[in-house]
Amino acid sequence: MSEIRIFGQSPLKGEISIQGSKNAALPMMAAALLHKGVTVLMNVPAIRDVSCMADILEYLGCHVRRQGGCMAIDAREIKNTAVPDHFVRSMRSSIVVLGALLGRTGEGSGCYPGGCLIGARPIDLHLKVFRELGADIRETDGRLAVERGREGIRGAEIHLDYPSVGATEQAILASVLARDVTVVHGAAKEPEITQLCEFLNNMGAIICGMGTEHLMIQGVRCLHDSSFRVEGDRIVAGTYGAAAAAAGGDILMKGIRPSFLRVPLAFLARTGARVRTEETTGRIQVSMEEIPGCLDIRTGPYPEFPTDLQSPFMALLASGRGISHIEERVFEGRFATAEALNAMGARIRIRDREAVIEGVRPLHGARVEAADLRGGAALAVAGLAASGETCISGCIHIERGYEDICRDLTALGARIRWAKEDGA
Ligand code: EPZ
């Protein structure tokens, strides 16, 4: 198993291109199942979760070919509609494949995606979407099967009492080929949802209301071959912005739309960083010459502060000065990284959904383990600002969402590298 070694306290300097968005690419790959033909995606990130989704599509009968960031998905033949348990267990977001299978074949099944490292993650809203679209749901010994009811999959007025990203994606995927019109009230407004709708419209779907809480999907009979470019990953860009603010220096990120990160960038500026953006060319520059100041953050659905940047910003605030507060209102189990940060000298106290962070400058290097995907990235942020060497194990979590965090941060001047856990 590999680990990450970081020698901290080197200011970051340089420029990088941001990888394609994990949370946009995954539902688009599932959506390719809806078309009996070939769908080409560009700027697809080379990460574990994308490989897992490609394996699922292959298992279901698709042919997936990759060349660099390009991916061609040939979904002319669907041979299976049951997603094997190990796929769902290793990547819970694969559950959106059920919505696409229901839309394409009228049935789909898979094991219940259990909770994960950041919370219970129920799927009651997913099931509500399927029922309201006219699907029958069977739950037998841990497996979930959905199939079109007697009247087929028909348009519906769906009301989500929480703007769940996954449940919104299920509604879109299951209704694109349905009869009539589906309206989703209380839909998620994340940029990844907007991109999924734009991608599907580019395939011949008829969806409007993107970016609002009322999505309207007019069912169509079929889709057509298409190609589409995945936007840059706003969470990866936000992670590196936090790293620059924590370590100091001056970085330029390309291939990312600043409008996707308006709130996190405003918070970075409040810590004392200088943030310059160019929406037309897709660039974000972050420079920091002082010790980061403190913040009060509350996470929430888009456009509020994204829960996926909570841990990286916790690492930034732990490396700064003053007393900060973070309220995590999306996932109840997303403070696990505080323990590892405290092992680096941080002073973080957790009470229910609130973290109180007393900045310490500098933190000191330590051997720490990644608790989850974004928590692992947060430890890299802390290691860049800490004195001495930090060794991060459990990097398989980080590889789920970051193509190569060592490659990217090295390009920005960080002293960071992959190493074997036996010290080589
Ligand atoms: C997506 O997860 C993202 N994953 C997550 O990113 C992200 O943190 C999350 O949206 C919020 O933005 C992907 O896109 C692959 P939700 P998802 O359904 O769809 C509750 C990362 O690090 N809920 O919006 O699972 C749920 O418990 C990952 O890249 C229900 O109660 O998020 C949670 O409290 C982590 N019932 C809240 O909604 C349901 O049926 C948000 O969940 C579904 C969700």
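**Close-up views of a predicted model**

View 1. In UniProt, an unreviewed entry gives the annotation "binding site" to Arg92, Arg121, Pro122, Ile123, Asp124, Leu125, Asp308 and Val330. The structure shown here is a predicted model. Two of the annotated residues, Arg92 and Asp124, are described next. Arg92 sits in the loop between helix H3 (85-90) and helix H4 (96-105). Its relative accessible area is 17%, so Arg92 is buried. Beyond its neighbours within four places in sequence, Arg92 is in contact with Pro113, Gly114, Cys116, Arg121 and Ile123. Asp124 belongs to helix H5. Asp124 has 47% relative accessibility and therefore counts as partly exposed.

**View 2. The annotated active-site cysteine.** UniProt, again in an unreviewed entry, places the feature "active site" at Cys116. Cys116 is found in the loop between strand E7 (107-111) and helix H5 (124-132). Is Cys116 buried or partly exposed? Cys116 is partly exposed, because its relative accessible area is 33% and the buried class ends under 20%. Which residues does Cys116 touch, leaving out those up to four places away in sequence? They are Arg92 and Arg121.

View 3. Strand E4 (residues 63-67) pairs with strand E5 (residues 70-74). The pairing is antiparallel and has five bridges. Follow one of them: Arg66 has Met71 in E5 as its bridge partner. Two residues lie between the strands of this hairpin. Gly68 takes a positive phi near 65° there.

**View 4. The open sheet E6-E7-E9-E8.** Four strands form this open sheet, in the order E6-E7-E9-E8, and the pairing is mixed. Strand E6 (82-83) and strand E8 (135-140) are at the edges. Each has a single partner strand, so one side of each has no neighbour in the sheet. Strands of a sheet pair through backbone hydrogen bonds, either parallel or antiparallel. E6 and E7 run parallel and are joined by two bridges. Ala82 has Ser109 in E7 as its bridge partner. Helix H5 lies across E8 and strand E9 (143-148). H5 runs at about 140° to E8.

**View 5. The open sheet E18-E19-E21-E20.** This open sheet has four strands in the order E18-E19-E21-E20, with mixed pairing. Strand E18 (296-298) and strand E20 (347-351) are the edge strands, and each pairs on one side only. On average, neighbouring strands of this sheet are turned by 15° against each other, direction ignored. E18 pairs with strand E19 (residues 323-327) in the parallel sense, over three bridges. Ile297 has Ile326 in E19 as its bridge partner. Helix H10 (residues 310-318) packs on the sheet. H10 touches E18, E19, E20 and strand E21 (354-358). The direction of H10 makes about 30° with that of E21.

How values were computed. Residues are numbered from 1 along each chain as its sequence is written. This is a predicted model: local features need pLDDT of at least 70, side-chain atom pairs count only at pLDDT 80 or more; totals for chains, interfaces and linings use all residues. Side-chain values use heavy atoms; hydrogens and water are left out. UniProt positions are given in the numbering used here, feature names are shortened, and annotations may be inferred rather than shown by experiment. Buried means under 20% relative accessible area, exposed over 50%, partly exposed in between (1.4 Å probe, protein chains only). Contact means heavy atoms within 4.5 Å. Two strands pair if DSSP finds at least two bridges between them. Axes are lines fitted to C-alpha atoms, for helices over the stretch in contact, and angles run from 0 to 180 degrees between N-to-C directions.
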